[in-house]
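Have the structure open as you read.

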Amino acid sequence: MIRQLSVFVENKPGSLMDVTSRLTEAQINIRAVATFDTPEFGILRLVVDKPAEAKGYLTERGYVVSIHEVMGVELEDKKGNLNQMLALLADSELNINYIYSFIIRGGRAPVMVFNTNDYEKATQILKEANVKIVEETDL
């Protein structure tokens with residue numbers, strides 16, 4: 001599993017930069033970022049090198065932050081691989097609530113980060129299909 005920060009931010013100019021500035025001050029390395037927004041606020045989702053420290057630092061500065069476990073899988077950079085992985089999960093009636101990706105340094109394959117309704121079942125299905133599960137220590 002990978003721990004992800006979810007930070008609630010106002011949907012206005014500079015709000016994302018305010019969060020990244022605070023993390024820079026705390027010497028937190030951002031490894032992946034995704035935003036999901038509405039007209040008034042957004043959820044900034046981040047994979048960082050020190051999630052608990054980042055949560056504490058941001059919370060002390062007035063941000064609403066939570067840590068959630070998400071799943072990461074490394075997919076070969078090849079046409080159809082994402083679709084194949086999603087088909088395995090859909091065929092097993094697993095829901096994907098959201099998904100985003102990033103590249104691990106060193107030219108390794110893309111990592112798909114996702115939230116699902118049953119991590120245990122997803123892990124079992126993907127391991128049986130020889131999909132590489134990415135752990136936080138792999139990052």
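Helix α3 supplies the largest share of the lining of the largest pocket, four residues. This is a predicted model, where local features need pLDDT of at least 70 and side-chain atom pairs count only at pLDDT 80 or more, while totals for chains, interfaces and linings use all residues. Residues are numbered from 1 along each chain as its sequence is written, and side-chain values use heavy atoms, with hydrogens and water left out.

The pocket's volume comes to about 170 Å³. Its lining includes Asn 81, Gln 84, Met 85 and Leu 88, along with Glu 74, Ala 129 and Lys 132. Sorted by class, that lining has five nonpolar, three polar and three charged residues. (Ala, Val, Leu, Ile, Met, Phe, Trp, Tyr, Cys and Pro count as nonpolar, Asp, Glu, Lys and Arg as charged, and the others, Gly among them, as polar.) A pocket here is an open set of 1 Å grid points where a 1.4 Å probe fits, with protein on both sides within 12 Å along at least five of seven lines; lining residues have an atom within 4 Å of a point.

Now the helix pairs, with helices taken as DSSP runs of H or I, at least four residues.

| Pair | Angle | Axis distance |
|---|---|---|
| α3 (residues 81–91) and α4 (residues 119–128) | about 130 degrees | 10 Å |
| α1 (residues 15–25) and α2 (residues 51–60) | about 120 degrees | 10 Å |

Axes are lines fitted to C-alpha atoms over the stretch in contact, and angles run from 0 to 180 degrees between N-to-C directions.

That angle makes α3 oblique to α4 (under 35 degrees is roughly parallel, over 145 roughly antiparallel, 65 to 115 roughly perpendicular and the rest oblique). In α3, Met 85, Leu 88 and Leu 89 meet Ala 122, Ile 125 and Leu 126 of α4, contact meaning heavy atoms within 4.5 Å. Six nonpolar residues make up this contact, with no polar and no charged ones.

What about α1 and α2? They are oblique to each other too. Val 19, Arg 22, Leu 23 and Glu 25 from α1 meet Ala 54, Tyr 57 and Leu 58 from α2. By class, that contact has five nonpolar, no polar and two charged residues.

How values were computed
Helices (H or I, at least four residues) and strands (E, at least two) are DSSP runs, numbered from the N terminus. Grid points are joined across faces, edges and corners, and a volume is the space filled by probe spheres set on the points.
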